[in-house]
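Here is a short report for a first look. Keep the sequence and the structure in view as you read.

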Amino acid sequence: MGVDAQHRQLVSGLARERRAAFRAGTRAIMPSIPGSAAWSVIAGVAMLKGGLPAGWAIAWAFSVYAASAQLAVLPLMIAGAPLWVLVATGFITNLRFVIYSAALRPYFAHLPLRRRLALGFFMTDFTFLMFMRNSQDKLLPEKHVDSYFAGMCAVNYITWQVFFIVGVVAGSYVPTEWGMEFTGTLALIALVGPALNARPAVVGFIVASLVALITHALPFKLGIFCGAMAGIVAATLADRWRLPPAQEGMS
Amino acid sequence: MSETVPFITLLLVTIGLSASTIFTRTCFLVAGNRIRLSHTAEVALRYAPVCTLAAIIAPDVLLQGPGGSLDLSSLNPRLVGAAAAAVFLCFSRHIVGCMLVGMVAYSVARLYL
């Protein structure tokens with residue numbers, strides 16, 4: 001009897017701690033919410049005006065949940081590129097998440113597989129960057145870091161979906177003559193801009209652009225691939241060349 | 001643009017993109033101790049998104065018409081819009097502001113130049 005009560009107290013205490021960590025996570029992500037809400041409205045408009053039917057746009061938001069990949073793939077799909085090119089383009093655009101997932105691993109390695117899968121799926125640029133920044137600033141809770149991260153992700157996901165649907169609905173009222181499909185390209189530019197903060201990235205950007213322009217006449221939109229691959233090789237070489245070999249081992 | 005994408009393509013793309021999201025975001029969380037990234041691979045992964053987006057943006061902004069001839073003139077509204085957005089990004093990282101500025105410049109160029 002006594003043991004049972006003690007056990008119950010322990011379990012409810014644990015649940016309370018988890019909920020507290022979850023709530024701390026929801027508070028931690030709040031500063032980024034106005035920005036991500038506005039961005040998801042515009043992404044919703046851009047997806048609809050880019051030619052994706054409203055129902056599919058919303059299905060992508062819920063299941064793909066990767067705005068840059070969605071915006072990158074949509075014009076290619078409308079242009080009639082084959083399936084494997086579409087999926088491969090989405091995949092390359094998503095490759096940055098491989099690095100994110102490697103960085104998150106130490107925090108979540110001890111969790112059951114299902115929990116790790118869920119936390120991974122809901123991770124985005126916003127939640128990852130805020131989480132890592134708060135980790136550096138020692139703002140993470142001592143226990144239940146996964147609940148904290150889940151809180152961040154939950155708020156981010158719900159905000160994204162709600163405002164994305166607002167964007168899709170708003171987009172259906174905007175006349176096609178306004179040329180709103182260009183917002184898709186502008187969104188990609190806005191994503192690339194801040195990433196050009198290092199010289200290898202600039203080298204990659206220029207080489208990828210030039211090669212994509214030169215090879216754009218290739219069938220199946222293969223010019224995108226040639227451009228991306230050439231850019232990645234150029235950026236990697238530029239990164240190598242920047243670091244003297246002696247320093248590389250230390251970094 | 002006018003032709004609609006077949007249902008089956010939409011369905012398969014949706015599944016494919018979802019799979020790519022799940023794979024890239026969870027690969028290290030799921031199989032972290034079985035895979036190791038070399039330094040070169042990590043560097044390549046870091047620059048992959050920028051390069052892919054560049055390869056999509058450049059033809060979209062600079063090529064005009066069905067034949068896709070290069071249009072570097074200041075009369076190209078997409079170039080004007082992209083340039084305005086790029087200038088904005090030099091001063092601010094605000095995504096929404098960048099898109100507003102780009103959209104205004106694009107519209108003005110399209111309607112009045």
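How many Å separate the centres of domain 1 of chain B and domain 2 of chain B? Taken over C-alpha atoms, the two centres are 25 Å apart. The model is predicted.

## Chain B: domains and elements

Chain B has two domains. Domain 1 covers residues 1-36. Domain 2 covers residues 37-112.

Chain B holds four helices and two strands. Read from the N terminus, the order is α-α-β-β-α-α.

## Chain B: overall shape

The radius of gyration of chain B is 19 Å. For a compact globule of 113 residues, the value would be near 13 Å. Along the principal axes, the C-alpha atoms of chain B fill a box of roughly 60 × 40 × 25 Å.

How much of chain B is buried? Of its 113 residues, 41% count as buried. Now take the contacts in chain B with a separation of 6 or more. Residues 24 or more positions apart make up 29% of them.

## Where the chains meet

Chain A and chain B touch each other. On one side, 79 residues of chain A take part. On the other, 63 residues of chain B do. Which element gives the largest share of the chain A side? That is helix 10 of chain A, residues 182-192, with ten residues.

The chain A side can also be sorted by class. There are 54 nonpolar residues, 21 polar residues and four charged residues.

## Helix 5 of chain A and its cover

Helix 5 of chain A spans residues 83-93. Its buried residues are Leu86(A), Thr89(A), Gly90(A), Phe91(A), Ile92(A) and Thr93(A).

## An exposed arginine

Arg27(A) sits in helix 1 of chain A, residues 2-29. Why does Arg27(A) count as exposed? Arg27(A) is exposed because 12 other C-beta atoms lie within 10 Å, and the cut-off for exposed is 12 or fewer.

Arg27(A) can also be placed against Ala195(A). The two are 168 residues apart along the chain. Their C-alpha atoms are separated by 27 Å.

Technical notes:
Residues are numbered from 1 along each chain as its sequence is written. Chains are lettered from A and ligands numbered from 1 in the order in which they are written. This is a predicted model: local features need pLDDT of at least 70, side-chain atom pairs count only at pLDDT 80 or more; totals for chains, interfaces and linings use all residues. Domain bounds come from an automatic or database domain assignment. Two residues are in contact if their C-beta atoms, placed from the backbone, lie within 7 Å. Ala, Val, Leu, Ile, Met, Phe, Trp, Tyr, Cys and Pro count as nonpolar, Asp, Glu, Lys and Arg as charged, and the others, Gly among them, as polar. A residue is buried if 20 or more other C-beta atoms lie within 10 Å of its own, exposed if 12 or fewer, and partly exposed in between; C-beta atoms are placed from the backbone. The radius of gyration is taken over C-alpha atoms; the globule rule is 2.2 Å times the number of residues to the power 0.38.
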